[in-house]
Amino acid sequence: MKLLTHLFTCILFLCISNNALSQNKIKPIDTLKNKTAQELYDISTKSPDVSILERAIHKAKKENNLEILIDSYYYMGLRLKDEKKLQYHDSIIALKDQFSNILHPANSYYAKGVYFFNQRNFIKATDYFIKANEYANRNYNQDIIVRTKQSLGLLKKEIGDYEQALILYKENFKYTTSKDTNTLLPIDYLEVVFSIASIYSKLNKYDSVSYYNDFGIKESLRLKNIDKYNDFVLNTAETLFNKGEYNRSLDSLHKVHPYYESSDDQANLSVTYYYLAKNYFRLQEDEKAIQLLEKIDSLFQENNDTRPKVHESYALLISYYKNQNNLEKQIIYQEKIIDLISMLHTNELYLNKKIVYDYDIPVILANNQKNIDSIEAKKKRTTIFAYCLLIIIASILIILFYLNKKRKLYKKRFEELINKKGSALTDIKTTKDEIFLKKSELSIPEEVIAKILSELENFEKEKDYLNSKISISLLAKTIGTNPNYLSKTVNHFKKMSFSQYINMLRIEHSVGSLKSDTIYRKYTLKAIAAEFGFNNTESFSKAFYKETGIKPSYFIKNLEKSDA
């Protein structure tokens, strides 16, 4: 009993002690509470915890320390990955009239430009790059000047203003290779070299392209930058293609292809596919080329990036399927190119070159707002573009309607031709009474008319019309009459001119031969024309179309399909 009492007393004592300790528990000391804004900022740059950076911002505001406040805003903007970063750059820009130095607000304008450029909002990107350059020039932030010139040069290149882009790139190259270069990163330096090489390619100055490509490859290896090394090799492949060295171009493309696939660089992968396809077309390997162009379409459907050779790829696909008479595929890619044009209009990159020409003011002075005339001009250009787009779409729809209608008409005519039996000429029978009645009207003796008609019947039966040298004079001489009597007789009794009569006989014979004998279908059009009495392919095709309403190539192609 004493033991139980003692145990209960101990437990009660422990409970009371623990309760007392919990009530007198010492709170952890806030070691950052008394830190200055500068100290908090210094700590935040070494810590991934953004809450410390938020404290630095709060303390800088209390201390009215604009320098630390702006540095903290900028560092926070770098830390965040989504659009929330923009509010911190906007906070810096809002303070530009109270505080600015070599870094700010130029860096914030540039960061916003990069953000909108990556979002493919080229209008906003250009405005911010121009602003960044303006403030960088005021405070001589040469690194930002180089980077904004690169970005503006890229936009100029996109709208085809290659000469102006080259001026910007050359200015950057002069700076990056001078002794004044200090903080510029190697990637920025290599990008400058690459930009010059690519712009010379657009200007078809292949000696200059080769020089900068070789220089860039050497520098990429020296700086151990595998990304730019592959970019220079890809640029070399494009140059080799343009110079007609297709096999060497393919070798270079096969070098970079695995790298871009493994690194998921879809933009450069699209460019690689494009030049592989163009090389294969030149080497008569059309199937490989089409597969690659369709891969570019697939990549575009995934990422909606309009820049890397999408428009050119659709144009090649439409051209190829047009030559193949594949209307269905033509329609598919025509619709896709219309959608692409609409997307380019949305981006406004191709709508208004002024977005880049604002830079061309000597010190990149960008106005704070557009004047009324500029706004009205832009509205007018937008309206004109919209009307042009509607006209293009309407034209395409009309063409598609016409092609579809033509396709149905061709099919109907083909079926009529297949099912047709007999000859429109040989079905015409002439009686002696008709000859007697017409002798006075034609001013030709009755016996002469009868003889001509008899000889013509024999002429058709013996297929003498297949002689390519046959003429009205030669046939009249063979019959034993004069060309005038022969011409009048043919005109009246055959209801056509002599040349029409000969062509009809030849075309009827060619249709029957092509239907019954598959050997003829393996001939070229030139050989078929010669076989049926025509001197050249063009005269045969015209006569065939006039008599049947379809082209001989279409007739032969569909004969093959119907026999398959």
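**Aromatic pairs and helices in a predicted model**

The structure holds 30 aromatic pairs, a pair being two rings of Phe, Tyr or Trp (its six-membered ring) with centres within 6.5 Å. Planes under 30 degrees apart count as stacked, those over 60 as edge-to-face, and the rest as tilted. The model is predicted, so local features need pLDDT of at least 70 and side-chain atom pairs count only at pLDDT 80 or more, while totals for chains, interfaces and linings use all residues. Residues are numbered from 1 along each chain as its sequence is written, and side-chain values use heavy atoms, with hydrogens and water left out.

A pair of aromatic rings is described by the distance of the centres and the angle of the planes. The ring centres of F173 and Y212 are 5.7 Å apart and the planes stand at 85 degrees, so this pair is edge-to-face. Distant parts of the chain are linked by the pair, with F173 in helix α9 (residues 162-176) and Y212 in helix α11 (residues 206-222), 39 residues apart. Helices here are DSSP runs of H or I with at least four residues, strands are runs of E with at least two, and both are numbered from the N terminus. Both F173 and Y212 are buried, where buried means under 20% relative accessible area, exposed over 50%, and partly exposed in between (1.4 Å probe, protein chains only).

A tilted pair is formed by Y520 and F532, at 5.4 Å centre to centre and with 40 degrees between the planes. Y520 belongs to helix α25 (residues 518-521) and F532 to the loop between α26 (525-531) and α27 (537-548), so the pair ties together parts that are 12 residues apart in sequence. Y520 is buried at a relative accessible area of 16%, and F532 is buried at 0%. Elsewhere, F281, F300, Y314, Y320, Y321 and Y333 are linked by ring pairs into a cluster.

Charged side chains also sit over rings, a term that requires NZ of Lys or CZ of Arg within 6 Å of the ring centre and within 35 degrees of the ring normal. K228 lies over the face of F194, 4.3 Å from the ring centre. The charged end of R506 is placed over the ring of F534, at 5.4 Å from its centre.

Helix α12 (residues 226-242) has 17 residues, which should span 24 Å at 1.5 Å a residue; the end C-alpha atoms are 25 Å apart, in agreement. The expected span is 1.5 Å times one less than the number of residues. Of the 17 residues of α12, 13 are buried, so the helix is largely enclosed by the rest of the structure. At its start, a side-chain oxygen of N225 comes to within 3.2 Å of the backbone nitrogen of D227. Just after α12, G244 has a positive phi of about 85 degrees. Residues P552, F555, I556, N558 and L559 of α28 are buried.

K59 lies in helix α3 (residues 50-63) and counts as buried at 17% relative accessibility. K59 is 21 residues from Q38 in sequence and 8.9 Å from Q38 in space, C-alpha to C-alpha.

Overall, the protein has 28 helices and zero strands, and 42% of its 564 residues count as buried.

How values were computed
A polar contact is a pair of N or O atoms within 3.5 Å; within protein, one must be able to donate a hydrogen and the other to accept it, and residues adjacent in sequence count only if both atoms are side-chain atoms.
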